Each structure stands twice: as structure tokens, then as C-alpha cells.
Amino acid sequence: MEGFGELLFKAVDDTMRVVFGESAAELIYRLVEGHVSLKQKEIGEKIETFYAYLEKLLGSERAQIIQNTSLKFLCLKLRREYEEVQK
């Protein structure tokens with residue numbers, strides 16, 4: 001059985017590959033590892049660090065799109081309905 005961190009990483013990874021494509025997603029992962037010492041397998045457990053770097057790299061609006069899309073993929077994996085809440 002997969003842990004939550006693994007499921008979260010898979011949702012993030014699915015999002016990254018759909019949005020950016022295989023090679024660009026891999027490039028972003030290498031940048032994350034190089035700049036904040038966060039390996040791919042650790043992303044699900046240290047998601048705040050990953051999104052903070054993604055925000056620096058892409059800007060807050062684009063990083064928010066990745067985050068929201070990842071949450072949608074996570075809900076699908078957990079067989080839960082995604083409901084967007086307006087702030």
C-alpha cells in the first residue's frame with residue numbers, strides 16, 4: 001500500500017509531465033535538486049519546499065496552477081471529489 005507522500009508525489013509528477021512534458025519536467029526536477037537539495041522521491045514529504053522553489057522559478061500564478069492541478073490529480077487517485085473553494 002502506498003503512503004500519502006508517495007501518492008502526493010505521483011500526483012505532482014503527473015501534473016508536471018502533463019503541463020511541461022517529459023524533458024522539461026525532468027529539467028525542473030534537476031533544478032529543484034540542485035538548488036534546494038530536494039530529490040524527486042522526497043517531494044511528497046517536503047511539498048512546501050518544492051512549491052516554494054517552483055514559485056521562485058515560475059512565479060506565483062503559474063506555481064498555483066501546478067499546485068491546484070496536482071490537488072485535482074491527488075483527488076482522482078484517492079477517489080475523492082475535488083471542490084474548489086474561493087478565498
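The axes of α1 and helix α3 (residues 47–58) cross at roughly 20 degrees and come within 12 Å. Axes here are lines fitted to C-alpha atoms, for helices over the stretch in contact, and angles run from 0 to 180 degrees between N-to-C directions. Helices (H or I, at least four residues) are DSSP runs, numbered from the N terminus. The model is predicted: local features need pLDDT of at least 70, side-chain atom pairs count only at pLDDT 80 or more, and totals for chains, interfaces and linings use all residues. Residues are numbered from 1 along each chain as its sequence is written, and side-chain values use heavy atoms, with hydrogens and water left out.

Q: Are α1 and α3 roughly parallel or roughly antiparallel to each other?
A: The axes of α1 and α3 cross at roughly 20 degrees. Angles under 35 degrees count as roughly parallel, over 145 as roughly antiparallel, 65 to 115 as roughly perpendicular and the rest as oblique. The two helices, α1 and α3, are therefore roughly parallel.

Q: Is the crossing of α1 and α3 left-handed or right-handed?
A: A crossing is left-handed if the near helix is turned anticlockwise from the far one by less than a right angle, and right-handed if clockwise. For α1 and α3 the crossing is left-handed.

Q: How many nonpolar residues has the contact of α1 with α3?
A: Contact means heavy atoms within 4.5 Å. On the α1 side the contact is made by Leu8, Val12, Met16 and Phe20, and on the α3 side by Ile47, Phe50, Tyr51, Leu54 and Leu58. Ala, Val, Leu, Ile, Met, Phe, Trp, Tyr, Cys and Pro count as nonpolar, Asp, Glu, Lys and Arg as charged, and the others, Gly among them, as polar. By class, this contact of α1 with α3 has no polar and no charged residues, and its nonpolar residues number 9.

Q: At what angle do helix α1 and helix α2 pack, and which class of angle is this?
A: Helix α1 (residues 4–20) and helix α2 (residues 22–36) have axes 7 Å apart and pack at an angle of about 125 degrees. That angle makes α1, relative to α2, oblique.

Q: How many charged residues has the contact of α1 with α2?
A: In α1, Phe9, Val12, Asp13, Met16, Arg17 and Phe20 meet Glu22, Ala24, Ala25, Glu26, Ile28 and Tyr29 in α2. By class, the contact of α1 with α2 has 8 nonpolar and no polar residues, while its charged residues number 4.

Q: What is the centre to centre distance in the aromatic pair of Tyr29 and Phe50?
A: Rings of Phe, Tyr and Trp (its six-membered ring) pair if their centres lie within 6.5 Å; planes under 30 degrees apart count as stacked, over 60 as edge-to-face and the rest as tilted. By this rule the count comes to 3 aromatic pairs. The pair of Tyr29 and Phe50 is tilted, with 35 degrees between the planes, and its centre to centre distance is 6.4 Å.

Q: Which helices hold Tyr29 and Phe50?
A: The pair links distant parts of the chain, its members being 21 residues apart. Tyr29 is in helix α2, and Phe50 is in helix α3.

Q: Is Phe50 buried or exposed?
A: Buried means under 20% relative accessible area, exposed over 50%, partly exposed in between (1.4 Å probe, protein chains only). Tyr29 counts as buried at 3%. Phe50 has a relative accessible area of 0% and is likewise buried.

Q: Which residues form one aromatic cluster?
A: The cluster includes the pair Tyr29 and Phe50. Its complete membership is Phe9, Tyr29, Phe50 and Tyr51.

Q: Which residues is Thr15 in contact with, leaving aside its neighbours within four places in sequence?
A: Thr15 is found in helix α1. Its relative accessible area is 0%, so Thr15 is buried. Its contacts are Ile66, Thr69, Ser70 and Phe73.

Q: Which residues does Lys77 touch, not counting residues up to four places away in sequence?
A: Lys77 lies in helix α4 (residues 60–78). With a relative accessible area of 34%, Lys77 is partly exposed. Lys77 touches Leu7, Lys10, Ala11 and Asp14.

Q: What is the phi of Ser37?
A: Ser37 sits in the loop between α2 and α3 and is exposed, with a relative accessible area of 59%. Most residues other than glycine have a negative phi. Ser37 is not a glycine, yet its phi is positive, at about 50 degrees.
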